[in-house]
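Here is a short tour of one protein model. Have a look at the sequence and the structure, and then we will walk through a few of its features together.

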Amino acid sequence: QLACPLDLGCHSVIFRRLGFSRFNMGISRDSFHKRRASGGKKSIFRKARKHEMGRQPAMTKLGEKKVSEVRVRGGNIKFRALRLDAGNFAWGSESTTRKTRILDVVYNASNNELVRTKTIVKGAIVVIDGTPFRQWAEQHYGITLGKKKETTEEQKIGQARAAKIAERAPLAKFDEAVQEQFNSGRLLARIASRPGQSGRADGYILEGKELEFYSKKMQKKKSTK
């Protein structure tokens with residue numbers, strides 16, 4: 001006859017038969033439940049620890065900013081981003097950073113479902129608004145990237161500023177693939193921060209070989225549909 005599952009004196013075998021486990025903490029980051037490289041099971045010689053506890057993933061979505069605070073071990077605070085729509089993105093080759101809008105999530109190496117649900121995680125490839133970077137290039141080099149809008153008014157600048165821009169102009173050498181993206185006003189970027197931990201979606205603009213790699217991946221994904 002099986003003893004009551006609430007009786008603490010029950011044998012562990014009875015608990016297992018009734019579907020009870022010694023580790024009923026929920027999400028755990030321990031490795032006792034994993035097998036060894038040889039395939040053998042690890043013996044559980046102690047109970048679960050607080051520091052091995054895990055939490056639900058943030059699954060940060062693309063939308064109006066919403067960040068919640070989570071009290072963690074040691075009384076520290078983590079910032080759990082539930083929704084984000086902007087972030088700081090670096091243009092590596094030009095050593096400049098601008099805050100800009102995130103427009104879409106287009107690729108994720110780990111899971112296509114994260115693209116469908118527009119989930120922002122570290123390593124995700126997103127489309128950002130290129131306007132702040134285009135404005136910076138105009139101010140810094142005096143060069144308009146992308147399609148130029150017809151304007152009747154001309155900006156007046158001082159002689160010293162004009163001389164400085166003229167001095168910088170020969171140094172302006174942009175990646176051709178990045179320049180092409182400015183025609184649509186949208187740039188491909190990669191998320192480098194952890195939105196579920198820091199509450200931010202910061203990253204960098206894709207350039208060179210990395211841009212070529214992800215462009216091929218996305219093209220291949222479109223062709224298989």
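Which exposed residues does the face of H7 turned away from its buried side carry? They are Lys209, Lys216, Gln219, Lys220, Ser223 and Thr224, where exposed means over 50% relative accessible area, buried under 20% and partly exposed in between (1.4 Å probe, protein chains only). Please keep in mind that this is a predicted model, in which local features need pLDDT of at least 70 and side-chain atom pairs count only at pLDDT 80 or more, while totals for chains, interfaces and linings use all residues. Residues are numbered from 1 along each chain as its sequence is written, and side-chain values use heavy atoms, with hydrogens and water left out.

**Helix H7**

- Helix H7 has 17 residues, 208-224; helices (H or I, at least four residues) and strands (E, at least two) are DSSP runs, numbered from the N terminus.
- From first C-alpha to last, H7 reaches 25 Å, close to the 24 Å expected at 1.5 Å a residue (1.5 Å times one less than the number of residues).
- Leu211, Tyr214, Met218 and Lys221 are the buried residues of H7.
- An α-helix has 3.6 residues a turn, so residues three or four places apart point the same way.

**The second largest pocket**

- About 690 Å³ of space lies in this pocket, a volume being the space filled by probe spheres set on grid points joined across faces, edges and corners.
- A pocket is an open set of points on a 1 Å grid over the protein atoms alone, where a 1.4 Å probe fits, with protein on both sides within 12 Å along at least five of seven lines; lining residues have an atom within 4 Å of a point.
- The second largest pocket has 25 lining residues, and Arg29, Arg55, Lys78, Arg80 and Gln197 lie nearest its centre.
- Strand E3 (77-84) and helix H6 (195-198) are the elements that give two or more residues to this lining, and H6 gives the most, with three.

**Positive phi values**

- Ser95 has a phi near 50°, a positive value in a residue other than glycine.
- Ser95 sits in the loop between strand E4 (86-91) and E5, and is exposed at 70% relative accessibility.
- Lys118, also not a glycine, has a positive phi of about 55°.
- Lys118 lies in the loop between H2 and E6 and is partly exposed, at 34%.
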